[in-house]
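Dear colleague,

Please find below the structure that I am handing over to you. After it I set out what was found in it.

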Amino acid sequence: MPNRRIVIAALWLTLAPTSFAATPIHEFTLANGLKVLVREDHRAPVVVSQIWYKVGSSYEPTGLTGISHLLEHLMFKGTPAVPGGEFSRLIAANGGDENAFTSRDYTAYFQTLEKDRLEISFRLEADRMRHLLLRPEDVAKEAQVVAEERRLRTEDQPDALTQEQFNAAAYMTSPYRHPIIGWMQDIQAITIDDLKRWYQQWYAPNNATLVVVGDVDPAKVRALADQYFGPLAPSTLNPPRPAAEIPQRGERRIVVKTPAEVPFVTLGYKAPTLKTADEEWEPYALDVLDGILDGGGSSRLSRNLVRGSQVAAAAGTGYSLTSRLEELFVLVGNPAPGRSSADLEQALRAEVARLREEPIGADELARVVAQVVAGEVYQQDSMFYQGMRMGSLETIGLGWRKLDDYVQRIQAVTPEQVRTVARKYLTDDRLTVATLEPLPLDGRRPTAPGAAVDHAIR
Amino acid sequence: MPISTLFFSGVLAAVLLLASAVTAAVPAIQNWRTDNNVPVYFIPARELPMVDAQILFNAGSIHDGARPGLAMLTAALLEEGAGDWSADIIADRLDRVGARLGVSSRRDSAVISLRSLVDSRYLQPAVETVARLLKEPSFAPDAVERVRQQMLTGLQERAQSPGAIAQDAFFKALYGGHPYGSPPEGTTASLKGITRADIQGFHQRYYTSANAVIAIVGDLERPAAEQLAKALIGGLAKGEAIPLPPPAPLVSTSQTIRIPHPSSQTHILIGQIGVSRTDPDYYALYLGNHVLGGNGLVSQLSQEIREKRGLAYGAYSTFFPTRQAGPFLINLQTRNDQADTALQVAQTTLREFTANGPSAPVLEEARQNITGGFALDLAGNSKLAGALGLIAFHGLPLDYLQNYIPTMNGITLEQAKAAWQRHVRPDQLITVIVGGGQPAQTAPATSMPPTGPTAPSGSAQPTGS
């Protein structure tokens with residue numbers, strides 16, 4: 001009986017997306033190659049402006065890891081027209097919110113402003129796209145700041161430290177093995193000439209996408225974009241070097257030892273994305289599989305591992321169908337008190353095995369679809385997220401329209417397809433396992449890895 | 001606007017633009033009481049077919065008494081069983097209509113938030129579920145045990161985090177035996193001792209209509225919003241309004257607490273007891289703090305510690321917006337061997353700011369950031385719901401949003417400086433320093449014995465870990 005109700009709910013949900021009008025999106029390209037996307041959202045008198053560059057840690061060669069992120073920091077350090085610190089001061093004094101982020105596949109800068117102030121954003125972003133100063137004293141200081149960021153986010157975070165080494169073990173030739181923030185030794189060794197070259201190579205209008213979401217008139221946005229970004233010269237772009245991962249030939253395992261209290265285990269299977277898949281439905285099937293394992297409190301990991309066998313204090317999965325290169329389908333968890341990492345690993349692998357063996361239930365599939373359909377409505381509440389989605393899809397090379405049919409694609413996935421991708425990709429020979437082995441915090445061992453790293457970077 | 005002047009006049013132009021655009025954007029709040037007397041705050045948002053509802057209870061860790069962690073454990077157990085529904089059934093009922101439930105527990109409040117599609121075919125099952133788990137949570141013994149274990153794991157995670165250790169030590173030194181000194185996450189000893197009867201008793205006493213407010217933002221007409229509020233909390237027992245504990249006594253001397261930890265960074269917290277969210281000086285202090293450390297890279301602490309010296313990734317200051325006087329706090333993290341330098345820079349920056357106040361142009365820019373950014377804080381249902389929840393919980397006036405910008409614009413430099421000097425006492429600071437790359441000690445050690453405040457008579461005495 002519960003099943004029957006669920007099926008009906010799913011039918012209703014298929015009708016939901018037609019009940020609200022699609023928001024108009026305007027696309028145009030300037031003569032210098034800058035692509036501009038404008039999405040109108042008139043709910044509040046606010047505008048989000050984001051500029052996306054096709055560069056990130058997956059473009060970096062060994063020895064220069066973290067250069068995209070370090071350059072992102074230095075983009076706030078001034079140009080001849082706008083001296084160091086002025087960028088942030090001007091945005092703040094205009095009531096704006098600003099920041100930037102670097103990922104494996106992109107680097108993006110954004111400002112959120114009251115709608116009439118879009119001009120200040122364009123003026124400042126256009127200026128620093130081509131005229132960054134890059135002074136030695138700023139580089140030295142900012143490398144220190146980034147080193148502190150790395151200590152805060154990675155060195156002193158046992159789970160993050162494990163995850164970083166896990167990536168380096170799972171990928172051998174793919175640049176996804178590099179941490180986005182970079183290895184500490186690279187952060188310290190990158191030179192100002194390296195940075196200048198990196199900036200010259202990637203910061204150009206024909207390697208960027210400008211995304212504007214908010215209470216704006218697209219014609220006026222176009223005029224402002226022409227005015228400020230139009231005069232910038234394009235660059236001759238060299239495509240990034242090939243960066244495919246060599247085929248994995250058998251399971252890999254690593255152990256990470258660091259002072260900690262709570263064990264942690266992470267499993268990753270090599271998996272295709274929309275950019276790399278043989279069959280286009282496969283990444284959508286993996287996305288559904290992701291929801292079956294970890295979509296909401298009714299998903300299998302919550303139901304079976306956290307509540308059922310109680311082997312996990314917490315467990316989750318991660319998969320991004322929009323990565324530029326081959327991905328990992330990741331399962332992570334902390335064992336519950338009294339249970340070991342080995343117990344948890346076994347339980348996670350048993351859940352994966354079950355996906356290879358049995359087709360998922362129609363009720364489970366309906367729940368995943370319901371969450372996807374509702375999620376598509378909820379995400380429209382965030383102008384920032386709308387911009388993120390268009391900007392990242394465009395930057396990765398999928399085109400900003402790629403997920404317009406996301407709901408329909410998810411609805412088209414069958415239980416048999418989910419089993420097929422599980423059998424094809426979630427196999428032991430494609431698996432890497434990393435386990436955090438906590439060392440005592442009270443130092444029954446003489447030197448802690450955290451302290452050793454600290455001395456090494458001096 | 002002429003291009004050549006914008007860099008110089010941008011700031012000035014910004015001020016002129018403000019009044020009209022932003023005033024028009026501020027939505028009016030509708031307010032009424034349900035039949036069982038719960039205040040409802042409602043803002044219609046008709047553009048997207050969704051609704052956000054937040055139910056806030058005066059049920060935070062401030063009421064933990066001798067059982068630190070009790071409020072958080074109670075809140076976490078709500079979705080783990082209600083009536084004859086198991087946790088699996090509750091999760092299934094919400095997931096299959098795409099609803100999202102959030103439960104959080106803080107020092108002052110327990111907040112239950114629901115996001116749903118607005119069509120009654122999805123909304124109604126979700127609302128029924130939330131209403132039932134608020135009214136008749138089952139607190140089944142196996143669920144109690146499981147969530148207790150999860151919270152114990154949470155404490156272990158805090159023990160490996162220098163930031164979390166520093167925060168717990170800071171609150172304890174600041175508030176001593178006052179309820180704000182008690183860690184919301186509990187202590188190992190306390191969590192192990194909490195019984196099912198304790199949890200049931202806590203729920204009965206605090207999850208009542210007399211202790212609740214509700215904030216709703218979404219695609220509803222007024223009658224539908226009234227129905228929604230009634231359906232969510234109409235079934236709650238009436239209960240008694242629980243008064244706040246008395247405010248904590250101020251710390252009268254400076255104190256430095258050092259806790260060794262094997263981390264590569266040292267976490268530094270500096271602060272003292274500040275003001276409550278409803279203190280008349282709150283706005284002036286917020287404005288002043290925007291200059292000192294509340295406005296990202298532009299603030300003085302960021303400028304001195306990060307931009308000029310490269311000592312930290314983040315350095316900021318904040319006044320916690322709590323019901324009773326909450327902490328004023330400066331927070332930064334730096335490589336172990338730089339800790340003393342960074343501490344000195346932070347102390348000097350605070351001392352000079354307190355003595356001299358902000359300069360007029362710097363104060364104006366901070367003000368422009370706050371007022372010019374006000375529309376950003378209200379853009380989208382999620383942000384509106386957050387603002388409305390704050391208004392509802394603190395009982396702020398219904399014209400709070402309309403008056404926010406005029407109030408900020410009315411604060412003079414002299415008032416901002418005077419308010420700061422009234423409340424910030426640089427000779428009475430608690431400083432907590434965690435890190436050093438040395439082994440942790442079995443019991444959190446301090447280089448100086450705590451000479452902190454004594455508990456006000458009649459307040460509960462939390463146990464330490």
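The domain bounds used here come from an automatic or database domain assignment. The model itself is a predicted one.

**Domains of chain B**

On that basis, chain B is divided into domain 1, residues 30-233, and domain 2, residues 255-436. The C-alpha centres of these two domains of chain B are 28 Å apart. Across their boundary, 28 residues of domain 1 of chain B are in contact with 29 residues of domain 2 of chain B. On the domain 1 side, at least two residues each are supplied by β2 (39-44), β3 (50-57), α6 (162-175) and β8 (212-218) of chain B. Of the elements on this side, α6(B) gives the most, with 9 residues. By class, the side of domain 1 of chain B that touches domain 2 of chain B divides into 19 nonpolar, 6 polar and 3 charged residues.

**Domains of chain A**

Chain A is likewise divided, into domain 1 (19-229) and domain 2 (252-439). The centres of domain 1 and domain 2 of chain A, taken over C-alpha atoms, are separated by 28 Å. Here 28 residues of domain 1 of chain A are in contact with 27 residues of domain 2 of chain A. The elements of chain A that give two or more residues to the domain 1 side are β2 (35-40), β3 (46-53), α6 (158-170) and β6 (208-214). The most comes from α6(A), with 9 residues. This side of domain 1 of chain A has 14 nonpolar, 8 polar and 6 charged residues.

**A sheet in chain B**

Strands of a sheet pair through backbone hydrogen bonds, in either a parallel or an antiparallel sense. In chain B, an open sheet of 6 strands has mixed pairing and the order β1-β2-β8-β3-β7-β6. Because β1 (30-33) and β6 (100-105) of chain B stand at the edges, each with a single partner strand, one side of each is left without a neighbour in the sheet. From one strand to the next, the twist averages 15°.

At one end of that order, β1(B) and β2(B) run antiparallel and are joined by 4 bridges. These two strands form a hairpin with 5 residues between them, and B:Asn37 in the turn has a positive phi of about 75°. Within the pair, B:Trp32 has B:Val40 in β2(B) as its bridge partner. The pairing of β2(B) with β8(B) is parallel, over 5 bridges. There B:Val40 has B:Ile214 in β8(B) as its bridge partner. Helix α15 (residues 381-394) of chain B lies across β2, β3, β7 (110-117) and β8 of chain B, and runs at about 155° to β8(B).

Leaving aside residues up to four places away in sequence, B:Ile214 touches B:Val38, B:Val40, B:Ala53, B:Gln54, B:Ile55, B:Ala229, B:Leu232 and B:Ile233.

**A residue in chain A**

A:Leu439 is placed in strand β11 (residues 431-439) of chain A. Is A:Leu439 buried or partly exposed? A buried residue needs 20 or more other C-beta atoms within 10 Å of its own, and an exposed one has 12 or fewer. A:Leu439 has 18 other C-beta atoms within 10 Å and is therefore partly exposed.

With kind regards

Key
Residues are numbered from 1 along each chain as its sequence is written. Chains are lettered from A and ligands numbered from 1 in the order in which they are written. This is a predicted model: local features need pLDDT of at least 70, side-chain atom pairs count only at pLDDT 80 or more; totals for chains, interfaces and linings use all residues. Two residues are in contact if their C-beta atoms, placed from the backbone, lie within 7 Å. Ala, Val, Leu, Ile, Met, Phe, Trp, Tyr, Cys and Pro count as nonpolar, Asp, Glu, Lys and Arg as charged, and the others, Gly among them, as polar. Two strands pair if DSSP finds at least two bridges between them. Axes are lines fitted to C-alpha atoms, for helices over the stretch in contact, and angles run from 0 to 180 degrees between N-to-C directions.
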